[in-house]
Amino acid sequence: MTFNEGSRLDPGRVGSRGRSAKGGLAIGGGIGGLAIVLLYMFLGGNPSDLGALMGGTGSAPVDDTAQQDLADRCQTGADANDYTDCRMVGTVNSLDAYWAEALPAAGVDFAYPGIVLFDQATQSDCGTASSATGPFYCPPDQTIYLDVSFFDVLATDFGASGGPLAEMYVMAHEYGHHIENLVGVFDVADRTGTGEDSDSVKVELMADCLAGVWAGHAATVPDASGTPYLAPLTQQDLDDALSAAAAVGDDRIQEASGGEADPHTFTHGSAEQRADAFAAGYRNGTLAACDAFGVTDG
């Protein structure tokens with residue numbers, strides 16, 4: 001999926017932080033350590049518990065130098081096609097524009113999430129984040145945290161096919177958790193359980209579905225001048241997004257860590273469940289079609 005080169009980006013919506021002065025994460029790195037963390041909260045699993053898992057509280061400040069660099073480089077759709085961080089800026093801009101209309105239309109007040117791109121490690125109200133933890137949404141500060149180097153891990157360690165829409169899917173999934181927060185999912189879901197039919201899995205599949213809803217409408221979402229941010233999806237774009245969704249299935253992660261898939265321990269859903277959820281959102285195109293908890297009207 002490519003951005004229309006003449007579309008205008010708003011880099012001010014995205015915070016950028018340099019390397020954290022505190023260094024790395026207390027949990028060991030590598031595929032083993034990564035898999036342990038991902039099984040717990042990968043792509044937002046139970047983010048309100050991150051503080052207890054990772055230690056540390058409070059948000060780190062935006063890095064002025066990194067912020068200025070982002071503002072200088074990320075101005076147009078052409079920049080989003082050239083640079084991964086600019087692609088995240090454009091994706092956020094498109095998600096903002098879509099959900100700012102779709103959520104009120106569904107009778108829900110909309111509020112923008114915070115967005116932070118960071119280098120190696122940073123602080124959030126949910127604790128310390130690092131490139132090893134993967135992207136996540138933190139409900140206490142309503143902010144999405146992402147180290148763009150994660151996309152390399154997604155391809156090399158978990159077998160995703162890559163591609164622009166695969167990267168955009170990750171941001172759209174985390175944004176989906178913010179939408180869940182706004183509509184009240186976190187107030188009713190029991191995220192302490194595990195298993196294919198648990199609320200923990202339903203929360204993740206609903207976020208995948210919401211990412212698919214946005215993807216299905218993305219080519220019609222305009223910037224401030226009326227130019228659509230994105231060109232229409234190709235079949236390859238859709239295949240890449242489905243590949244990324246499947247790559248972060250619990251079964252794939254468990255197998256990548258050297259174990260066997262155990263459905264009783266799933267917290268995010270299988271590869272098939274996750275890909276199917278994204279596809280269902282893309283196909284049906286509405287918030288209500290993704291509502292696994294009956295919190296929306298209609």
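Reader: Start with alanine 280. Buried or exposed?
Author: Alanine 280 counts as buried, because its relative accessibility is 17%. Buried means under 20% relative accessible area, exposed means over 50%, and partly exposed is in between, with a 1.4 Å probe and protein chains only.

Reader: What kind of model is this, and how are residues numbered?
Author: This is a predicted model, numbered from 1 along each chain as its sequence is written. Local features need pLDDT of at least 70 and side-chain atom pairs count only at pLDDT 80 or more, while totals for chains, interfaces and linings use all residues; side-chain values use heavy atoms, with hydrogens and water left out.

Reader: Which helix is alanine 280 in?
Author: Helix α12, residues 271-284. Helices are DSSP runs of H or I with at least four residues, strands are runs of E with at least two, and both are numbered from the N terminus.

Reader: What does alanine 280 touch?
Author: Cys209 and Gly285, leaving out residues up to four places away in sequence. Contact means heavy atoms within 4.5 Å.

Reader: How far is alanine 280 from aspartate 208?
Author: Their C-alpha atoms are separated by 9.1 Å. Along the chain the two are 72 residues apart.

Reader: Where does aspartate 208 sit?
Author: In helix α9, residues 199-217. Aspartate 208 is buried, because its relative accessible area is 0%.

Reader: And which residues does aspartate 208 touch?
Author: Tyr169, His173, Arg274, Ala277 and Phe278, again not counting residues up to four places away in sequence.

Reader: Histidine 173, then. Where is it found?
Author: Histidine 173 is in helix α7, residues 164-183. It is buried, with a relative accessible area of 0%. Its side chain makes a polar contact of 3.1 Å with the side chain of histidine 177.

Reader: What counts as a polar contact?
Author: A pair of N or O atoms within 3.5 Å. Within protein, one must be able to donate a hydrogen and the other to accept it, and residues adjacent in sequence count only if both atoms are side-chain atoms.

Reader: New topic. How many aromatic pairs are there?
Author: A search of the whole structure finds four. One of them joins phenylalanine 110 and tyrosine 112, which is edge-to-face because the planes are at 85°, with the ring centres 4.9 Å apart. Another is phenylalanine 136 with tyrosine 145, a stacked pair at 5.3 Å centre to centre and 20° between the planes.

Reader: What are the cut-offs for those pairs?
Author: Rings of Phe, Tyr and Trp (its six-membered ring) pair if their centres lie within 6.5 Å. Planes under 30 degrees apart count as stacked, over 60 as edge-to-face and the rest as tilted.

Reader: Which charges sit over rings?
Author: The charged end of arginine 73 sits over the ring of tyrosine 83, 4.9 Å from its centre. Arginine 191 lies over the face of phenylalanine 186, at 4.5 Å from the ring centre. The test is NZ of Lys or CZ of Arg within 6 Å of the ring centre and within 35 degrees of the ring normal.

Reader: Strands now. How do β3 and β4 run?
Author: Antiparallel, with four bridges between β3 (residues 121-124) and β4 (residues 127-130). Two strands pair if DSSP finds at least two bridges between them. A hairpin of two residues joins β3 to β4.

Reader: Which residues are the bridge partners?
Author: Among them, alanine 121 pairs with serine 130, and serine 124 with glycine 127.

Reader: Which way do the β3 side chains point?
Author: Ala121 and Gln123 point one way, Thr122 and Ser124 the other, and all are buried. In a regular strand the side chains alternate between the two faces of the sheet.

Reader: What about glutamine 120?
Author: Glutamine 120 has a positive phi of about 75° although it is not a glycine. It is in the loop between β2 (114-119) and β3, and is partly exposed at 36% relative accessible area.

Reader: Last one. What does the whole chain look like?
Author: The chain has 13 helices and six strands. Of its 298 residues, 55% count as buried.
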